[in-house]
Amino acid sequence: MLGLAYAWSMFVGPIEESMGWVRTQTSLVFTASMICFFAGNTLGGFLSMRFSLKKVFIASAVSFGVAFAICSVSTQVWQLCIFYGIFGGLTTGCSYMVLQNNISKWFYDRMGFALGTMMMGFALGSFILGAGVNKLILQIGWRLTFRVMAAVYFAVLVLMAILIAPPSADSQQGGRGPAVPAEQLARGYKPSEMLRTREFWMFFLTGSFVIAISVTVIGNIAVVASYLGASPAVCVLATGAVSIGNAICRVISGSLYDKKGRKFTLRLISWLALISSCLLEAAVITKSLPLLFIAFLAVGANYGSISPIHSVVLRDYFGYRFHSVNYGINGLNGTISSVAGAMLAGVIQTNTGSYALSFAMLPVYGAAAFVLIHVLKDPKDWHEQPLH
C-alpha cells in the first residue's frame, strides 16, 4: 500500500487536463511528496523510539484517509501539495521507517535479505495497485479515485496495526536465530557523532545522487512514455517496468550484501547508477520506446538496489543504539534529490518542451555516485573511536 505513492504519474495527465495546469505545477506535488517522504523517515526514526508500531500505524491510517479525501475535492495546486505531498509524503515515510525498524529487529542476522523482501512489496505497490488506480481514473475520474484510496488506505493500515507486532526480547526469528542481542542494541554512534564523520557525508551524497536519478524518473514515468508516443496502456506498462526492476533488485541487493559484502554490493550499485542514467538520456534523445523500457528497468533496478542497503550500511558503520534516528537523518538526502531531480526536470521540461535536456543532468549524477562509492572506506579503516 505504501508503494502507491510512486504512482503519482498516473494522476498527472488527467489532473492537468481537467484543471488546465502545466508540468511545473504538477511536479511541485510530487516534489513535495518526495521531500516529505524522506523527512517522514526522520520523523519515523524518532517516533519509533517513543511510540509503538500500532500507534503509528493507526495515526497513519487517519492521516491517509483525511489527506486523500481532501485531495478529491482540491481545486488548487497548493491543496494537492499540502494533502497529497506533505501529509501523504510524511505519513508514507513515517510508516515506512517504523515498519523497517521493526523488520530489522526481527531479522538482524539477515537484515539485507529481510529488508529487501519487505521493500519489494513497497515497490510492487506502484505496479500492481498503480494499474488498478489507472483503471479507476479512466472509469470514475481522479477525484472519485482519491476517495476510494482514502477508504482503502484507512482500512488496510488499521488492519496492519492489529496484525504487526515487534519481537519480544527473547523471541526467535521464525526459529532461525535470536533477536538482536542486548549488547548490540546498547552500542552505537549518537547522531551528533555520526554527523562529524567523513564517511557519513560521502554515503549521504552517494544516496542523494542515486535517488535523484530515480525520483526524476518515478515522477515522470507515464508522461515521458506518452511524450515518446506511448498509449495509456503502454504508459501503465512503463510504470510496471520501473516497479519490476525496483522490486526484484531490492531482494537481490539485500541478499548480495549478506553474502558478498558491502564493497561488492555498493560498487555494483554504482555501475547501475552510471549505466541507467546514460540509457535514459539515450532513450529520450533517440525517442526509442524499446530503449526507454530498458532504461526504466535499469533505473528501477538501481533504486531498488540501494533502498535496502541504506539501513544495513548505517548499522554496520554506526551501530544499533541510535540506528532508527541515524537512518532517518540519512533519509533527508531524498529532500535534496527531489529538488535536484523531479522538480528541476519539471521546470526544464515546461520551458523547453523536451525531456532530453531535463534528463541530461542524470549521467552527471550517475558519475558522481560512481566516484563516491569507489572511494568510500570500510568501517574498520576509518573508525577513530569505539562504538559506545
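User: How much of the chain counts as buried?
Analyst: In this predicted model, 57% of the 388 residues count as buried.

User: Among contacts between residues at least 6 apart in sequence, what share joins residues at least 24 apart?
Analyst: That share is 85%.

User: Take H11. Where is it, and what is its reach?
Analyst: H11 covers residues 262-286, which is 25 residues. From its first C-alpha to its last it reaches 36 Å, close to the 36 Å expected at 1.5 Å a residue.

User: Which residues of H11 are buried?
Analyst: Arg 262, Thr 265, Leu 266, Ile 269, Ser 270, Ala 273, Ser 276, Ser 277, Leu 280, Glu 281, Ala 283 and Val 284 are buried.

User: Why would residues three or four places apart point the same way?
Analyst: An α-helix has 3.6 residues a turn, so residues at that spacing point the same way. In H11, the buried set includes Thr 265, Ile 269, Ala 273, Ser 276 and Leu 280.

User: What follows H11?
Analyst: Lys 287 does, and its phi is positive, near 55 degrees.

User: Switching to Thr 197. Where does it sit?
Analyst: Thr 197 is in the loop between helix H7 (191-194) and helix H8 (198-218).

User: Is that threonine buried or exposed?
Analyst: Thr 197 counts as buried because its relative accessibility is 9%, and the cut-off for buried is under 20%.

User: What does its side chain reach?
Analyst: The side chain of Thr 197 reaches the backbone oxygen of Met 194 at 2.7 Å. The Thr 197 side chain also reaches the backbone nitrogen of Phe 200, at 3.4 Å.

User: Now cysteines. How many disulfides?
Analyst: The count comes to 0 disulfides. Cys 36, for one, is in no disulfide, and the nearest cysteine sulfur, that of Cys 81, is 9.6 Å away.

Conventions
Residues are numbered from 1 along each chain as its sequence is written. This is a predicted model: local features need pLDDT of at least 70, side-chain atom pairs count only at pLDDT 80 or more; totals for chains, interfaces and linings use all residues. Side-chain values use heavy atoms; hydrogens and water are left out. Helices (H or I, at least four residues) and strands (E, at least two) are DSSP runs, numbered from the N terminus. The expected span of a helix is 1.5 Å times one less than its number of residues. Buried means under 20% relative accessible area, exposed over 50%, partly exposed in between (1.4 Å probe, protein chains only). Contact means heavy atoms within 4.5 Å. A polar contact is a pair of N or O atoms within 3.5 Å; within protein, one must be able to donate a hydrogen and the other to accept it, and residues adjacent in sequence count only if both atoms are side-chain atoms. A disulfide is a pair of cysteine sulfur atoms within 2.5 Å.
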